[in-house]
Amino acid sequence: MGILSHTRLGALSLAAASLALIAGCADAPQDGAQAAADTSPGPDFPDMSVTLTPGGLSGDAYVDVVVEIEGHDFTAGEPFLTSPAIFAGVMGAPYGEGEVAPVEASDANGPITLTRADNPADPNNFIYFRRWLPERDTSGPVTVHYRAPIELVPPTLGAGPPFDLRLNESVVTGAGVTFLVTPDIQQPFDITIDWDLSAMPENSIGVTSFGRNLTELQGPPGMLSTAYYMAGPVGRYPTDGEDHAFSAYWIGEPPFDPEETMPWSEEVYDAQLDFFRIENPEPYTFMSRPNPYAGGGGAGLTNSFMLSYPQDTADLEDIAITIIHEMSHKWIGGVAGPPGATSWFSEGMNVFYTRRVPLKYGLLSPEAFIEDVNSHARRYYTNAINDLPNDQIPYLFWRDTRVRTLPYDRGSLYFAGEDARIREASHGERTMDDIFFQIDAIRKAGDPFTPEVWEDLIAAELGEEARGRFQAMMAGEIQIPPSDAFGPCFTREETPSRVFQLGFDASTLSSGERIVTGLVEGSTAEAAGLRDGDRILEPVALERVQSDPSLTLTLQVGRGDDRFTVEYLPRGDEATVYTWSRVEDVDDDQCPL
């Protein structure tokens with residue numbers, strides 16, 4: 001294939017859970033756009049138009065947003081407008097704070113005075129909302145205007161979801177969760193999205209997760225927040241300018257070959273549609289953008305995902321895996337529960353199927369398959385806190401990269417182990433796929449899928465011991481899948497390695513000033529010259545270093561008036577790592593399960 005891939009640095013799928021929160025629903029469908037598609041048109045739907053106007057590209061860039069609402073009146077002191085204050089660790093536009101202009105609204109009777117009534121801040125930094133209330137009843141059509149500032153804000157931990165409103169060259173990109181203010185109401189609207197690109201370069205287009213340029217759709221206003229937006233002179237696939245079931249857009253000349261990567265991505269998407277038994281899918285959009293810092297990754301939202309990558313490197317390891325992973329999120333869905341506490345399923349199960357499906361369809365080689373297995377395994381077994389109980393993950397998720405990666409690694413190894421046991425118990429007649437489609441049926445029936453439901457399903461399949469294994473995994477028990485967990489082509493082996501050791505308190509990297517504290521005596525960080533009180537000058541992306549015991553960590557450090565670089569191998573005590581190697585006398589066609 002020739003397609004490299006790229007470590008998932010902060011990759012997330014938030015469309016289902018976040019749409020439920022934004023729409024105020026306890027049990028939203030697994031895919032937000034599907035909820036819109038299933039809404040029957042009706043004459044009583046109010047109308048909402050959203051016009052996006054990027055501007056100021058040569059200076060203080062912005063996106064002007066005008067929202068026009070007709071057919072719905074709002075009551076004084078009741079919910080009117082809302083916007084996430086923070087979403088998956090990414091800050092939303094602080095309208096009315098500092099130099100950011102406030103949200104303005106008017107109707108037939110003139111300006112509407114707005115009062116802010118924000119939700120309490122989320123201590124876990126996942127999601128909470130700003131809210132605006134009108135001081136009087138509205139009358140007739142309502143117009144809302146605000147200007148979203150475009151400002152580069154590198155992620156605190158060096159990598160994170162690509163949601164921030166960004167200007168790359170002359171292309172604007174971002175997720176609605178960081179800049180859109182929408183009606184604070186759950187009922188469906190007839191929605192129109194349009195672009196004013198008069199300040200953009202020639203040949204610019206406007207793209208959202210719902211389509212190109214002028215787009216019409218139906219659904220709750222909050223669905224606009226769980227979507228991506230892109231405007232400017234972008235590359236596109238297919239190139240004929242027509243609407244397609246799968247479309248891709250990119251900026252400039254990325255370090256991967258779009259003419260090869262995008263058609264291959266469509267093949268992966270088609271394979272997923274077939275494997276997950278999806279009929280009449282809605283159009284899907286793949287967007288990508290460069291980062292002016294070392295971190296990269298991806299995140300899936302409604303019918304779309306955004307890939308981000310470091311703009312100054314051609315070394316994009318695992319970009320194929322990232323693409324597969326983000327598209328797969330659309331079908332895997334989640335499990336009921338608070339954000340972070342449910343990643344054992346949404347991320348762990350997705351890692352499991354990210355490898356399984358493309359191997360089955362010949363889109364991922366056995367070598368690439370097992371390298372991804374081993375990358376997660378190495379990171380897991382050398383993680384000093386790999387026994388952290390699941391209920392402690394939410395608070396630390398956006399504060400410690402070791403915690404953020406744990407559900408991906410532990411969850412995927414757990415599912416691989418249970419899959420092996422299902423195959424053994426059924427003499428090869430059943431696999432994890434059968435359990436997944438039971439979950440799919442539960443969701444389609446409109447019933448909640450909870451951790452307790454998972455326990456019942458796996459216990460019905462493998463007995464009460466399986467319930468105990470799940471509970472032990474959630475309590476932090478180390479997961480060691482059987483030797484044949486990944487099929488007849490691979491066998492487990494033990495290899496010595498060293499625990500990932502940052503050498504100082506991990507909280508240093510998520511603090512505002514990044515002042516080094518808790519320097520570990522005798523660590524490689526200390527030996528390299530780092531000291532308590534030093535200031536780390538730039539955000540640090542750790543995921544790739546965690547996954548590869550041979551990689552060194554480079555820090556830009558300030559001490560007084562001095563500025564210098566510290567480089568060291570962030571490893572500590574020895575640890576046993578379980579990895580899987582290729583069995584040489586088994587043909588490739590025997591590898592898919």
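## Helix α11 and the glycine after it

Helix α11 is followed by G463, whose phi is positive, near 95 degrees. Helices here are DSSP runs of H or I with at least four residues, strands are runs of E with at least two, and both are numbered from the N terminus. The model is predicted, so local features need pLDDT of at least 70 and side-chain atom pairs count only at pLDDT 80 or more, while totals for chains, interfaces and linings use all residues. Residues are numbered from 1 along each chain as its sequence is written, and side-chain values use heavy atoms, with hydrogens and water left out.

Helix α11 covers residues 451-462, which is 12 residues. From first to last C-alpha it reaches 16 Å, close to the 16 Å expected at 1.5 Å a residue; the expected span is 1.5 Å times one less than the number of residues. Its buried residues are P451, W454, E455, L457, I458 and A459. Buried means under 20% relative accessible area, exposed means over 50%, and partly exposed lies in between, with a 1.4 Å probe and protein chains only. Among the elements that cover these buried residues are α5 (343-346), α6, α9, α10 (432-444) and α12.

Helix α7 runs over residues 366-381. Its 16 residues should span 22 Å at 1.5 Å a residue, and its end C-alpha atoms are 22 Å apart, which agrees. The helix is mostly covered, with 12 of its 16 residues buried. The buried residues are P366, F369, I370, D372, V373, N374, S375, H376, A377, R379, Y380 and Y381. They pack against α4 (319-332), α6 (348-360), α9 (401-425), β24 (490-500), α15 (543-547) and β28 (571-582).

The axes of α6 and α7 come within 10 Å and cross at roughly 170 degrees. Axes are lines fitted to C-alpha atoms, for helices over the stretch in contact, and angles run from 0 to 180 degrees between N-to-C directions. This angle makes α6 roughly antiparallel to α7; angles over 145 degrees count as roughly antiparallel, under 35 as roughly parallel, 65 to 115 as roughly perpendicular and the rest as oblique. From α6, the residues V351, R355, R356 and L359 make the contact, and from α7 they are P366, F369, D372, V373 and H376. Contact means heavy atoms within 4.5 Å. By class, this contact has five nonpolar, one polar and three charged residues. Ala, Val, Leu, Ile, Met, Phe, Trp, Tyr, Cys and Pro count as nonpolar, Asp, Glu, Lys and Arg as charged, and the others, Gly among them, as polar.

## Helices α9 and α12

The axes of α9 and α12 are 11 Å apart, and the two helices pack at an angle of about 170 degrees. That makes α9 roughly antiparallel to α12. In this contact, R410, Y414, E418 and R421 of α9 meet A466, R469, F470 and M473 of α12. The classes here are four nonpolar, no polar and four charged residues. An α-helix has 3.6 residues a turn, so residues three or four places apart point the same way.

## The disulfide

A search of the whole structure finds one disulfide, which joins C489 to C591 with an S to S distance of 2.0 Å. A disulfide is a pair of cysteine sulfur atoms within 2.5 Å. C489 lies in the loop between α12 (464-475) and β24, and C591 in the segment after β28, so the pair ties together parts that are 102 residues apart in sequence.

The torsion about the S-S bond is about -95 degrees, so the disulfide is left-handed. C489 counts as buried, at 0% relative accessibility. C591 is also buried, with a relative accessible area of 1%.

T579 has its place in strand β28 and is buried, with a relative accessible area of 7%. Not counting residues up to four places away in sequence, T579 touches N374, R378, T491, R492, E493 and T495.

T524 lies in helix α14 (residues 524-527) and is partly exposed at 22% relative accessible area. Between T524 and L569 the C-alpha distance is 6.5 Å, although they are 45 residues apart in sequence. G96 lies in the loop between β5 (90-91) and β6 (104-107) and is partly exposed, with a relative accessible area of 46%.
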